Amino acid sequence: MTSTSIVRLAQRATPARRNRRDWRGWAFVAPFMLVFLAMIIAPVVYAIGLSLFREQLFGGTVFVGLNNYLAVFQDAKFWQALGRVTLFLVVQVPIMLALSLTAALALDSARLHGAAFFRIAIFLPYAVPGVVAALIWGFIYGDQFGLTAGINDLLGAHVLEPFSAQAILGSIGNIVTWEFMGYNMLIFYAALRVVPSDIYEAAEIDGAGAMRTVFSIKIPALRGAIVIATIFSIIGSFQLFNEPNLLKILSPNVITSYFTPNMYAYNLSFAGQQFNYAATVAIVMGVITAVIAYVVQLRGSRQESI
Amino acid sequence: MKITSRTVSLSRRIAAIVVASALIGTALAGCASTSSGTPAGSTDVAAALKKGGTITYWSWTPSAEAQVAAFEKAYPKVHVKLVNAGTNTTEYTKLQNAIKAGSGAPDVAQVEYYAIPQFALSKSLVDLTAYGFDSLKSAYTPGPWSSVNVGGGLYGLPQDSGPMALFYNKTVFDKYGLTVPTTWDEYIADAKKLHAANPEAYITSDSGDSGFTTSMIWQAGGRPFTSNGSKVSINLQDEGSKKWASTWNELVDNKLLSPVPGWSDDWFKSLGNGNVASLITGAWMPGVLESSVKDGSGQWRVAPTPTYDGKPANSENGGGGQVVLKQSKNPALAAGFLKWLNNSPGSIKVFLASGGFPSTTSELNSEAFLADAPDYFGGQKINEVLVQGAKDVSTGWSYLPYQVYANSIYGDTVGQSYVSAGDLNAGLSAWQKSLADYGNQQGFTVTTK
């Protein structure tokens with residue numbers, strides 16, 4: 001989106017000198033373009049190339065055209081993985097964003113003692129590397145000796161089983177919420193800080209209470225930030241990898257090798273040497289993510305313009 | 001989650017680098033093939049060791065550092081770069097990538113027995129018969145020796161071995177009046193008795209482990225995997241496989257197995273506090289117990305693996321050796337290091353000191369080794385039991401030429417039978433189907449029964 005608007009701006013600015021092509025601008029963007037081509041475009045093109053072949057342990061490499069794509073569309077494991085992260089997305093993202101929003105509004109209300117402390121405390125989990133976070137929670141979830149075992153002992157029964165097939169998605173959701181709530185809160189909080197104070201003054205003069213201010217001023221002002229946070233969260237959910245991959249050690253059967261699309265692609269290539277098929281899965285997943293993120297953005301900006 | 005996008009694009013980038021270096025690698029190989037002749041004979045090895053040079057060695061064994069130091073002392077002209085490239089599958093992934101790339105692989109690498117066929121069949125390893133190493137056969141016990149021989153070639157020298165044994169916590173067994181089982185029926189009876197007396201305690205922990213499953217099938221007489229070049233045959237419902245699955249179903253279906261996954265913190269604690277009363281595992285376990293389960297000191301004992309009919313029968317669990325990679329620019333020197341590493345008394349002494357269980361017959365039968373009576377095991381001469389176990393290992397077992405992949409999808413298939421307390425035979429059939437599909441996709445001709 002931003003790049004197209006830049007192009008439009010550029011088109012608007014140039015008509016006066018249309019005949020003389022000036023390449024000097026490219027010299028300024030060249031360092032960026034070089035890195036962009038080498039690190040973003042080239043790997044994507046390479047992955048697309050990979051996805052058109054099949055390499056076998058016996059029989060070498062053959063060109064298979066779009067066969068890998070046809071295989072992905074008929075692959076029950078892939079769709080099961082996609083279904084799982086979609087379920088995760090539908091449940092976890094609203095909960096996380098609602099918590100983040102509440103926290104941001106509370107911090108912004110100026111009625112909280114120690115707001116600076118809470119702001120950093122809620123954000124802190126985001127600074128913990130995802131791998132470390134999953135390990136910490138792995139200990140907490142341990143139902144033999146972890147915190148969970150302590151709670152179970154207290155209750156006198158095996159009530160909590162974070163690694164059971166029924167609970168595992170919730171357990172992962174809990175970790176992800178803990179990790180990213182502060183990050184999203186910061187996005188919302190930053191957006192709230194730029195609301196001009198005269199609007200609040202006008203609301204106060206009009207006799208609006210605190211809740212009225214929240215629903216009539218603050219949340220509408222946050223719409224753009226909410227769209228951005230939602231898109232980030234959708235991408236994050238579809239790319240779910242670290243948390244399940246690390247918890248797999250503690251729950252090897254419940255978390256399968258195709259638990260999420262990214263884990264599936266990873267295990268296809270690194271355990272099965274099926275690089276071509278893994279590239280296909282990655283591309284299909286990338287396209288699905290891009291389409292959904294784009295739809296959300298379109299919807300979000302349309303509502304904004306109304 | 002943020003890291004993931006980086007990981008995926010990183011892997012694409014790595015793949016790009018891999019291809020680039022593969023092209024360079026083939027170009028170099030093209031130059032090299034004209035100049036170097038066929039390596040022949042043990043004289044090459046002696047000459048290479050004399051001349052010296054630098055080689056790289058990938059290993060995660062605790063004894064590697066001390067062994068390399070001792071080697072460099074004995075052969076001052078040779079420099080060995082020791083790299084810990086990760087434990088088992090992590091290392092195999094890196095090794096596989098380097099092989100695919102055509103460069104970057106070490107000269108010598110540690111590879112477990114189950115993974116050797118995979119690397120041997122993809123023609124990535126040097127056949128050591130060229131250096132006359134096949135004459136070392138009598139130095140090793142039959143199980144490990146057959147594991148480094150694949151399709152008529154010798155692709156490594158054995159280091160450790162893991163004949164299975166029953167490790168049990170005597171304190172727990174005495175407390176609940178359990179008899180040390182000699183048959184699996186007795187073992188199951190003990191399991192029921194123990195769990196009934198103490199719902200927190202289990203006879204053993206097993207939440208599904210591919211290495212354990214294949215060892216148990218091996219012990220039951222099953223030979224589910226056979227291969228000859230690109231022809232692979234899989235039958236995970238042969239008599240031995242069914243025998244094990246039906247027996248183990250008793251434990252799985254009655255929830256008599258501790259659900260704590262192996263090698264987790266919880267698992268080590270359960271071994272120390274008596275909640276897991278026994279383990280059926282390889283002979284390398286004493287070193288692990290002594291270093292990681294200090295609470296169990298004085299309580300554990302070793303007994304022969306229980307059998308189906310009471311007659312001795314055993315199999316191997318884990319263990320591995322070292323291989324020479326075809327990419328090595330100095331294979332004769334690498335072979336020289338390998339021979340010293342796994343066939344010289346000086347090196348094996350260092351290995352034994354680190355708590356390893358050897359595969360060489362002279363060490364296994366030495367008076368000092370057999371007389372060892374560690375306090376951890378209450379002064380029991382455990383090596384007498386373990387060495388007898390090595391002698392009872394049945395022959396003719398082989399792993400799949402893609403066993404590393406097979407193990408990676410074990411949890412998706414057999415593991416599901418553990419989760420649902422269902423029939424292990426169904427899980428084994430699902431595993432077989434996935435393995436056959438994969439094999440056929442990879443260009444093997446897979447036949448199943």
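## Close-up views of a predicted two-chain model

View 1. Set aside the neighbours within four places in sequence. B:Leu435 then contacts B:Phe225, B:Ile234, B:Leu236, B:Leu400, B:Tyr402, B:Ala406 and B:Ile409. The model is predicted, so these contacts are computed from its atoms.

**View 2. The largest nonpolar core.** This core holds 104 residues. Which residues touch the most other members? They are B:Trp244, B:Trp248, B:Tyr402 and B:Leu435. Helix α13 of chain B, residues 331-343, gives the most to this core: eight residues.

**View 3. Chain B as a whole.** Chain B has 20 helices and 15 strands. Its C-alpha trace spans about 70 × 50 × 45 Å along the principal axes. A compact globule with 449 residues would have a radius of gyration near 22 Å, and the 23 Å of chain B agrees with that. Of the 449 residues in chain B, 55% count as buried. Now take the contacts in chain B between residues at least 6 apart in sequence. Of these, 75% join residues at least 24 apart. Chain B exposes about 18000 Å², and carbon and sulfur atoms supply 55% of that area.

**View 4. An annotated domain in chain A.** An unreviewed UniProt entry annotates residues 82-296 of chain A as "domain: ABC transmembrane type-1".

**View 5. Helix α12 of chain A.** This helix covers residues 261-270. Is it mostly covered or mostly uncovered? Helix α12 of chain A is mostly covered, with nine of its 10 residues buried. The buried residues include A:Pro261, A:Met263, A:Tyr264, A:Leu268 and A:Phe270. A:Asn262, A:Asn267 and A:Ser269 are buried too, as is A:Ala265.

View 6. The unreviewed UniProt entry gives "transmembrane region" for residues 26-50, 85-105, 117-140, 221-241 and 275-296 of chain A. Residues 26-50 are 100% helix and 0% strand, with end C-alpha atoms 31 Å apart. Residues 117-140 are 92% helix and 0% strand. Their end C-alpha atoms are 25 Å apart.

Terms used:
Residues numbered from 1 in each chain as written. Chains lettered and ligands numbered in written order. Predicted model: local features only at pLDDT ≥ 70, side-chain atom pairs only at ≥ 80, totals over all residues. Heavy atoms only, no water. Core = buried A, V, L, I, M, F, W, Y, C linked by side-chain atoms within 4.5 Å. Buried < 20%, exposed > 50% of the residue type's maximum accessible area, 1.4 Å probe, protein only. Helix = DSSP H or I, 4+ residues; strand = E, 2+ residues; numbered from the N terminus. Contact = heavy atoms within 4.5 Å. Rg over C-alpha atoms; globule rule 2.2 N^0.38 Å. Areas by Shrake-Rupley, 256 points an atom, 1.4 Å probe, with all protein chains shown as cover. UniProt positions renumbered as here; feature names shortened; annotations may be inferred.
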